[in-house]
Amino acid sequence: MQAGLAGTVPPPRTGQGGLSWERLSLSNHALEPVDPALPIAPWFGGKKYLAARIAERIEAVPHRCYAEPFCGMAGVFFRRTSRPKSEALNDINGEIVNLYRIVREHPEELLRQFDWALTARAEFIRLVETPPDILTDVQRAARFAYCQTLMFGGKPATLGSRGTISTGPYHPAKITTERLQRLVGGAHARLQGVHVESLDWRVFISRYDKPFTLFYIDPPYWGHEADYGKGIFAREDFAAMADLLRGLKGRFILSLNDRPEVRETFAGFEFEEVTTRYSANAKSTRRAAELLISN
């Protein structure tokens, strides 16, 4: 790890009410232990192989508020073993926000939707092609969790795009009552007291940016801007993000693929090079270079 990254307290800065960062760091910033959980479903670009390293970096930075503008299935958030006083998850995808709200408030009703569920290609196709707006919120959450669990590679299941179902001879069926009870139960406990938003990433960062906030930012990667849906994120948004982060009051850790364009766009910040694995299925994995960018 490069010097000056994890565990380094920045020089004194004046925050709200005239408090310096040093005073904010020492007052009311104790992290409390929390039981980790697992994401409810796979997610394209999830941080399964980097979560522990990123969580270690996060916990080395004093913060009273933790915020994720692009949470997805929140792989880093759920795997953390400590939490600050305030936490916020955000994703512009309304299906994710609805799922988290139902998991937090109505976990038993959600699990009842899976009492007779099968890992079946025909059922997968039927649910992908079912418009979510004709369903109740609980049914909608169950539909999203089912489709996302079975969607090959964890790519978001979108209406009108069947994708490919993840079945085969390498693993047992993923839709089982015992497995879902464990995942939903863990997520239900972990989401208590967490703010759940569905805002544009710029609005979310601006709303939660305080001297005591730490953002973990995991946007679509360079060259994969449209993988999570059309019109959600564009290539030019990287430059807008870099400008926004240069004026940030709080701290941030940003995950991106290691490309010359990324290094140029975010020049002036700290770069930590990390190696991870991209895994689409049980037979196909490859190593890849990524960057953890921070201020």
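Arg202 forms a salt bridge with Asp200, their closest N and O atoms lying 3.1 Å apart, where a salt bridge is a side-chain nitrogen of Lys or Arg within 4 Å of a carboxyl oxygen of Asp or Glu. Salt bridges that share partners also join Arg53, Arg57 and Glu272 into one network. The model is predicted, so that local features need pLDDT of at least 70 and side-chain atom pairs count only at pLDDT 80 or more, while totals for chains, interfaces and linings use all residues. Residues are numbered from 1 along each chain as its sequence is written, and side-chain values use heavy atoms, with hydrogens and water left out.

**Salt bridges**

- The structure holds 16 salt bridges.
- Arg190 pairs with Glu87 in a salt bridge, with 2.7 Å between the closest N and O atoms.
- This pair links distant parts of the chain, since Arg190 belongs to helix α8 and Glu87 to strand β4 (residues 86-90), 103 residues apart; helices (H or I, at least four residues) and strands (E, at least two) are DSSP runs, numbered from the N terminus.
- Both Arg190 and Glu87 are buried, where buried means under 20% relative accessible area, exposed over 50%, and partly exposed in between (1.4 Å probe, protein chains only).
- Within helix α6, Glu123 and Arg126 lie 3 residues apart, about one turn of the helix, and their side chains meet in a salt bridge (2.7 Å, N to O).
- Glu123 is partly exposed, with a relative accessible area of 26%, as is Arg126, with 44%.

**Arg143 and helix α7**

- Arg143, in helix α7 (residues 137-150), is buried yet has no salt bridge, the nearest side chain of opposite charge being that of Glu95, 4.4 Å away; Lys and Arg count as positive and Asp and Glu as negative, whereas His and the chain ends are not counted.
- A polar atom of the Arg143 side chain lies 2.7 Å from the backbone oxygen of Leu127.
- Of the 14 residues of α7, 11 are buried, so this helix is largely enclosed by the rest of the structure.
- The cover over the buried residues of α7 includes α4 (94-105), α5 (107-112), α6 (121-128) and α8 (177-190).

**Arg259**

- Arg259 is found in the loop between β7 (251-257) and α11 (260-265), and is partly exposed, with a relative accessible area of 30%.
- The C-alpha atoms of Arg259 and Ala289 are 8.7 Å apart in space, although the two residues are 30 apart in sequence.

How values were computed: Polar contact = N/O pair within 3.5 Å; in protein donor to acceptor, adjacent residues only side chain to side chain. Contact = heavy atoms within 4.5 Å.
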